[in-house]
Amino acid sequence: MRWRLDLAYDGTDFRGWATQPGFRTVQEVLEFHITQVLRLKTPARLVVAGRTDAAVHARGQVCHLDVPFTPGDGNPSPEELQRLLRRVLPRDVVVKSVRQAPEGFEARFSAIWRRYCYRLIDSEHILDPLYRRHIAAVRHPVDVDVLNASTPSLMGLRDFAAFCKPRDGATTIRDLSELSATQRPDGVIEIHLLADAFCRSMVRSVVGALVAVGGGRRDRDWLDAVAQSPQRHHQILVMPGHGLTLEEVGYPTDDGLAARAEFARSRRSLEES
């Protein structure tokens with residue numbers, strides 16, 4: 001039986017999502033405690049909607065777990081797993097819900113979009129020290145209007161190779177459907193991004209490029225040229241991980257889950273899309 005887990009975590013003290021020998025990661029902590037509380041004979045294995053890097057936070061992360069039993073007759077239910085995890089998990093990770101997944105659900109490949117928010121503050125404003133682990137500081141002014149005027153250079157279905165760390169056999173074609181910045185009354189700039197998926201370091205690289213333009217260090221022509229690069233561009237600053245939060249993951253209706261997963265597993269090209 002497949003269960004869906006919705007969770008949130010403060011990424012400060014994690015070396016990202018994925019298990020890495022010798023490091024504390026979200027996946028390692030969750031799988032250890034799930035294995036213990038369910039008394040599984042083999043270690044639990046989670047599949048996540050989107051792997052987050054070191055120090056990156058999540059409010060709306062989703063993963064799935066295949067359990068070798070059905071609830072009842074002494075076996076725990078999804079709700080009981082959530083209750084048990086609430087007792088044993090460290091305070092920087094919370095499982096908000098556990099429920100039986102609908103047929104065809106796959107946390108990674110069934111997702112149709114991911115929504116991130118990057119939070120930063122520039123040199124014209126003072127960062128509240130209580131939020132220093134969740135907001136990145138930039139050492140120069142950033143013009144939000146200039147930043148927003150540059151976002152069309154990166155929107156739509158395109159190859160984001162210039163902004164991604166390469167991975168063998170993986171496509172860098174993504175559909176970035178939303179990209180905008182707002183500034184809160186306290187001066188914090190929130191950059192919102194929504195796409196079907198994101199490559200490794202893509203969000204922090206896109207934000208780094210926009211901040212360079214919004215800060216007057218680069219111009220729109222530079223951004224347009226960078227966006228056309230067929231490989232990772234050396235002039236892009238990758239922003240610190242702690243300013244980034246995975247806010248939400250979207251899925252189709254239940255009858256579209258399997259088809260979406262099949263589509264997402266295929267390697268994309270601009271000609272086919």
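1. Let's start with Thr172 and Asp159: their side chains are joined by a polar contact of 2.5 Å (a pair of N or O atoms within 3.5 Å; within protein, one must be able to donate a hydrogen and the other to accept it, and residues adjacent in sequence count only if both atoms are side-chain atoms). Thr172 counts as buried at 18% relative accessibility (buried means under 20% relative accessible area, exposed over 50%, partly exposed in between, with a 1.4 Å probe and protein chains only).

2. A word on the basis: this is a predicted model, where local features need pLDDT of at least 70 and side-chain atom pairs count only at pLDDT 80 or more, while totals for chains, interfaces and linings use all residues. Residues are numbered from 1 along each chain as its sequence is written, and side-chain values use heavy atoms, leaving out hydrogens and water.

3. Next, the aromatic pairs, of which the structure holds five (ring centres of Phe, Tyr or Trp, the latter by its six-membered ring, within 6.5 Å; planes under 30 degrees apart count as stacked, over 60 as edge-to-face and the rest as tilted). One of them is the edge-to-face pair of Trp3 and Phe69, with 5.9 Å centre to centre and 80 degrees between the planes. Trp3 is buried at 0% relative accessible area, and Phe69 also counts as buried, at 14%.

4. Phe105 and Tyr251 form a tilted pair, because their planes are at 50 degrees, with the centres 5.0 Å apart. Phe105 is buried at 2% relative accessible area, and Tyr251 is buried at 16%.
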